[in-house]
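Keep the viewer open as you read.

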Amino acid sequence: MIARSDLPTGRPAWVLETNRASMLLCLGADDTLYLPYWGPSGTTRNAADFLLEVPGNRPSEATFLDGQPLAYPAYGMPTFKEQCLVVATDSGARGTRFTFKTDRVADDRLELDFHDALLRLTLTLHFTCHAELIARKVTLRNEGEQVLTLERALSAALPLPPDQYDLVSLHGQWGREFGVVQRPLMPGKVTTGSTRGISSHEAHPWFAIRPRGERAEHAGRVWFGSLAWSGNWLGVFEVERNDALNIALGIQPFDFAWRLEPGATFETPELVCGVSEHGLGGAARQLHAFEEQHWLPENHRARLRPVLYNSWEATHFEVQVEQQVELARRAAAMGVELFVIDDGWFGTRDHDRAGLGDWTLNVRKFPNGLRELIDEVHGLGMQFGIWVEPEMVNPDSDLYRAHPDWAYHAEGRSATFGRNQLVLNFARSDVRQAIHEQLRHLLADHGTIEFVKWDHNRAWTEVGWPESPAQQREVWVRHVLGLYEVLRALRAESPHVLFESCAGGGGRADLGMLRWTDQVWTSDNTDAADRLDIQYGYSRAHAPRVMVNWVTDVPNEQTGRVAPLEFRFHVAMQGVLGIGGNIAEWSSADLSEGAALVAEYKAIRPLVQHGRQFWLRPPTAIGPCGVQYVAHDGSATAVLLYQVRGVRGQGARRMVLHGLRPEARYRRETDGAESTGAVLMNAGLPATLVSTAERHPRLDWRSTLQVWRTV
Ligand code: DGJ
């Protein structure tokens with residue numbers, strides 16, 4: 001909902017309102033656009049009710065806009081805070097000064113046009129109100145005759161009034177993505193982001209701001225946002241000299257410059273933002289609902305994700321048709337619905353030193369074609385999926401031998417290899433076309449392939465395009481746009497295919513990828529204890545239906561830890577369940593326990609994938625943690641409780657549930673125990689993971705799944 005009104009100053013103002021948040025925009029005397037309010041949705045659509053009184057600077061500095069809540073600070077304005085926009089001309093002029101031109105208010109969209117008469121540049125600020133969140137971006141259109149260079153073009157600034165705040169952000173590295181970090185914001189800037197080519201394992205383009213020291217999961221105000229960009233990005237959280245907060249996010253300005261030709265338009269990625277009055281949990285649920293209702297590719301948005309088997313950890317590069325058939329038979333017997341063959345099926349891919357770039361079948365491994373395996377998988381009642389890493393090339397490949405210049409390279413400098421591979425220049429249309437063509441054939445030639453796992457396994461270095469010096473500083477962005485273009489085309493050609501985004505685990509799990517892919521491989525670390533932390537962090541930003549988790553073998557491939565099979569399943573059930581162990585070597589007892597657990601998961605899958613998620617207690621080193629999934633109408637709930645490590649005599653914790661109907665009676669499926677919604681939400685249920693009656697109880701690796709339904 002968007003309402004325009006005039007302030008007592010006679011200048012226009014706009015109130016944007018979703019079910020949860022309001023944002024006030026207003027124009028100052030000098031056409032500066034202010035954003036003086038971003039907070040919980042109010043009861044007014046009248047801008048004058050906000051009692052605007054923006055504190056100014058001391059008289060001698062009154063013309064400066066420091067500490068003022070600017071909606072889009074641009075270099076050229078009299079301010080010294082983090083700028084969203086820097087524009088330069090070839091003749092050396094720098095900076096912009098915009099005047100307001102017009103607004104367009106249509107349904108839930110607002111567009112505000114500003115114009116720089118000297119540069120003949122139009123800046124449009126776009127706002128879209130979704131059910132709960134507001135999405136922002138800008139477009140820049142060159143209406144003059146000279147080329148303009150965008151040296152920086154962030155998506156948005158989000159100011160908050162002077163106060164004391166904490167920043168929550170997600171950090172890690174390969175194998176331990178999505179660690180939740182909360183830190184106080186002090187005068188100065190906290191800068192986060194990526195310069196690795198992908199959004200990265202190290203920092204995820206999501207943030208939350210909380211009042212200083214607030215740590216409650218379900219209470220307290222949170223301002224949060226998520227940037228829909230899969231490449232280099234920047235997030236700046238700046239406490240200004242009057243304690244006001246300036247937040248700015250967008251495409252990373254480092255090594256970026258975009259030549260905006262006359263008549264051309266540049267569009268930034270969207271920054272989606274919201275306000276929660278129910279802590280980080282409430283913020284997460286708003287983002288989950290946004291992905292589910294507005295953002296994920298529409299054709300599979302509402303579809304329950306299939307239980308999958310992935311053969312990577314079982315067979316690595318040693319792929320053989322008979323052994324994959326054997327795995328498929330066992331997977332089908334356990335109730336798996338989608339069989340995915342991972343790396344190693346193509347080109348000369350016997351190890352990670354060869355083959356990337358040649359997306360044709362390895363005939364030595366599949367002498368009768370891939371059809372043999374696909375038909376077998378389909379005959380077993382499962383769908384068939386395949387792994388690719390299309391943006392990469394091994395020097396030992398036919399593609400590289402024919403086109404060495406297709407990989408990024410710096411003239412006269414040696415290349416740095418990551419996993420023995422180089423990055424293909426997806427900014428080049430010939431590269432995109434060639435790879436697209438190969439993938440199109442792959443999907444068309446082998447019968448029905450219903451799933452593609454799209455991987456990306458190295459950070460970018462020597463990101464040079466010597467053949468096109470004018471576009472050199474555009475490659476970081478052009479690559480990402482090119483990637484989206486290929487994914488968009490493949491989806492249009494093969495709408496039945498479900499796409500999974502992967503980058504050595506969760507290195508590119510952002511909203512940008514989730515516009516064109518349906519789910520994400522969360523991490524290469526499949527250790528169940530580590531996964532509790534990783535999945536908790538991931539679920540701060542993304543919905544369970546886009547979080548893929550596998551049950552793998554013990555001792556775990558990455559950590560050597562040994563967790564019981566049921567515990568591994570219970571952890572993997574938090575999102576999209578997969579099995580990734582060598583089931584050819586599982587005992588018959590494990591296979592039947594696995595089959596029973598797959599059936600249990602299928603029974604709760606609608607709650608997990610289509611319900612609402614509440615973390616009851618975050619994963620901690622000692623004692624129980626838990627997560628709950630509730631049907632939107634409160635009629636049923638699934639509760640998963642875990643204890644990796646326990647201490648004798650700790651006392652039973654109680655887990656207070658959420659989202660139930662207070663007056664309804666609920667029955668627990670396992671033992672028929674009954675209670676009311678009000679009791680379960682106030683007194684909670686005992687997290688009985690260890691029987692205190694046992695003399696030597698096993699305290700570690702305990703887990704349970706309880707399902708409660710209304711009577
Ligand atoms: C990294 C992925 O995250 C793994 O799941 C697997 O697909 C390997 N790449 C294959 O090379």
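## H1 against H8

Start with helix H1 (residues 279-295) and helix H8 (residues 528-541), whose axes come within 6 Å and cross at roughly 65°. Axes here are lines fitted to C-alpha atoms (for helices, over the stretch in contact), and angles run from 0 to 180 degrees between N-to-C directions. Helices (H or I, at least four residues) and strands (E, at least two) are DSSP runs, numbered from the N terminus. H1 and H8 are therefore roughly perpendicular to each other. As for the cut-offs, angles under 35 degrees count as roughly parallel, over 145 as roughly antiparallel, 65 to 115 as roughly perpendicular and the rest as oblique.

On the H1 side, look for Leu 280, Gly 281, Ala 284, Leu 287, His 288 and Glu 291, which meet Ser 539, Arg 540 and Ala 541 of H8; contact means heavy atoms within 4.5 Å. Sorted by type, the residues of this H1 and H8 contact are four nonpolar, three polar and two charged. In that sorting, Ala, Val, Leu, Ile, Met, Phe, Trp, Tyr, Cys and Pro count as nonpolar, Asp, Glu, Lys and Arg as charged, and the others, Gly among them, as polar.

## What kind of model this is

This is a predicted model, in which local features need pLDDT of at least 70 and side-chain atom pairs count only at pLDDT 80 or more, while totals for chains, interfaces and linings use all residues. Residues are numbered from 1 along each chain as its sequence is written, and side-chain values use heavy atoms, with hydrogens and water left out.

Helix H9 (residues 565-572) packs with helix H10 (residues 588-610) at an angle of about 25°, their axes 10 Å apart. H9 and H10 are therefore roughly parallel to each other. Their crossing is right-handed; a crossing gets that label if the near helix is turned clockwise from the far one by less than a right angle, and left-handed if anticlockwise. H9 brings Leu 565, Glu 566, Phe 569 and His 570 to the contact, and H10 brings Asp 590, Glu 593, Gly 594, Leu 597, Val 598 and Glu 600. By type, the residues of the H9 and H10 contact come out as four nonpolar, two polar and four charged.

Next, helix H3 (residues 321-333) and H4 have axes that come within 10 Å and cross at roughly 10°. H3 and H4 are therefore roughly parallel to each other. Val 321, Gln 324, Val 325, Ala 328 and Arg 329 of H3 touch Glu 372, Leu 373, Glu 376 and Val 377 of H4. The residues of the H3 and H4 contact divide into five nonpolar, one polar and three charged.

## The barrel

Which strands close into a barrel? Eight do, in the order S21-S22-S23-S26-S27-S28-S29-S30, with parallel pairing (two strands pair if DSSP finds at least two bridges between them).

Zoom in on strand S21 (residues 308-310) and strand S22 (residues 338-341), which run parallel and are joined by three bridges. Asn 310 has Val 340 as its bridge partner in S22. Helix H4 (residues 371-379) lies across S22 and strand S23 (383-388), running at about 140° to S23. Helix H7 (residues 475-493) also packs on the sheet, touching strand S26 (451-454) and strand S27 (498-501), and its direction makes about 170° with that of S26.

## The open sheet

There's also an open sheet of six strands, ordered S31-S32-S33-S38-S35-S36 with antiparallel pairing. Its edge strands, strand S31 (612-617) and strand S36 (674-676), each pair on one side only. The twist averages 25° from one strand to the next.

Strand S35 (residues 665-668) and S36 run antiparallel and share three bridges, and Tyr 666 stands opposite Ser 675 in S36. H8 turns up again here, lying across S31, strand S32 (625-630) and strand S33 (636-643) at about 130° to S31.

Two spots in loops deserve a look. The peptide bond from Val 554 to Pro 555 is cis, with omega near -10°; Pro 555 sits in the loop between strand S29 (547-551) and H9. Asp 31, in the loop between strand S3 (21-27) and S4, has phi near 75°, a positive value in a residue other than glycine.
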